[in-house]
Amino acid sequence: MLRALMFILPIALTIYAFIDCLNTPEDEAKHLPRVAWAFIILLFWIVGPIVWLAAGKARRSPAGGRTPGEWHRNHRTQWVAPDDNPEFLKSLGEENEKDESLLKDWEADLRRREEELKRREQGGDGAAGKGDEGPKQP
């Protein structure tokens, strides 16, 4: 089991570092372009991932070295998700009203067309019904 761990751990570290390198924006890669870091990670599969994790990516810590407190989480200047933004929610309400009015127009048009078809069928029953007897039952 220990022998397997000696192979699995470096492979897992290499995979993690490679995916982290690919997901890192180009401007956050330090010292070398991101493509060069990917080659270093894959070619030097024990040292490469460790160097990437230690020096390859600009890692930013919160101000003062602390994690954001409850007050900071509740008073963000940027919206985390669209449903946190009141302007976005307002625009959804406006779009919803437009969609509802469009749906009402479509329903009214559908009712008008159905009534028109009924009138055509009722007016044409006498003439079409005489010549058309349909299939006969044996």
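This is a predicted model: local features need pLDDT of at least 70, side-chain atom pairs count only at pLDDT 80 or more; totals for chains, interfaces and linings use all residues.
Me: In which helix is E100 found, and what makes that stretch a helix?
Reply: E100 is found in helix α5, which spans residues 86–131. Helices are DSSP runs of H or I with at least four residues, and strands are runs of E with at least two, both numbered from the N terminus. Residues are numbered from 1 along each chain as its sequence is written, and side-chain values use heavy atoms, with hydrogens and water left out.

Me: How many helices and strands does the chain have?
Reply: There are 5 helices and 0 strands. Read from the N terminus, the order is α-α-α-α-α.

Me: Why is E100 called partly exposed?
Reply: Its relative accessible area is 44%. Buried means under 20%, exposed means over 50%, and partly exposed is in between (1.4 Å probe, protein chains only). The value for E100 falls in between, so the residue is partly exposed.

Me: What makes E94, E95, E97, D99 and E100 a patch?
Reply: These residues gather on the surface in a patch of negative charge. Patch members have over 30% relative accessible area and no salt bridge; like charges are joined within 9 Å, and nonpolar side chains (Val, Leu, Ile, Met, Phe, Trp, Tyr) within 5 Å. E100, at 44%, passes the area cut-off. The charge is negative because Asp and Glu count as negative, whereas Lys and Arg count as positive, with His and the chain ends not counted.

Me: Is T14 buried or exposed, and how do you know?
Reply: T14, which lies in helix α1 (residues 2–23), has 10% relative accessibility and therefore counts as buried. Across the chain, buried residues make up 12% of the 138 residues.

Me: What does the side chain of T14 reach, and what makes that a polar contact?
Reply: It reaches the backbone oxygen of P10 at 2.7 Å. A polar contact is a pair of N or O atoms within 3.5 Å; within protein, one must be able to donate a hydrogen and the other to accept it, and residues adjacent in sequence count only if both atoms are side-chain atoms. The 2.7 Å separation is within the limit, so the pair qualifies on distance.

Me: Why do R111 and E107 form a salt bridge?
Reply: Side chains of opposite charge can pair when their charged atoms come close. A salt bridge is a side-chain nitrogen of Lys or Arg within 4 Å of a carboxyl oxygen of Asp or Glu. For R111 and E107 the closest N and O atoms are 3.9 Å apart, so the pair meets the cut-off. The two are 4 residues apart in helix α5, about one helical turn. R111 is partly exposed at 47%, as is E107 at 36%.

Me: How many salt bridges does a search of the whole structure find?
Reply: The search finds 5. Among them, R113 and D109 meet at 3.2 Å, N to O, and R120 meets E116 at 2.9 Å.

Conventions. Accessible areas come from the Shrake-Rupley method with a 1.4 Å probe; for residues, only the protein chains shown count as cover. The place of a charge is taken as NZ of Lys, CZ of Arg, CG of Asp or CD of Glu.
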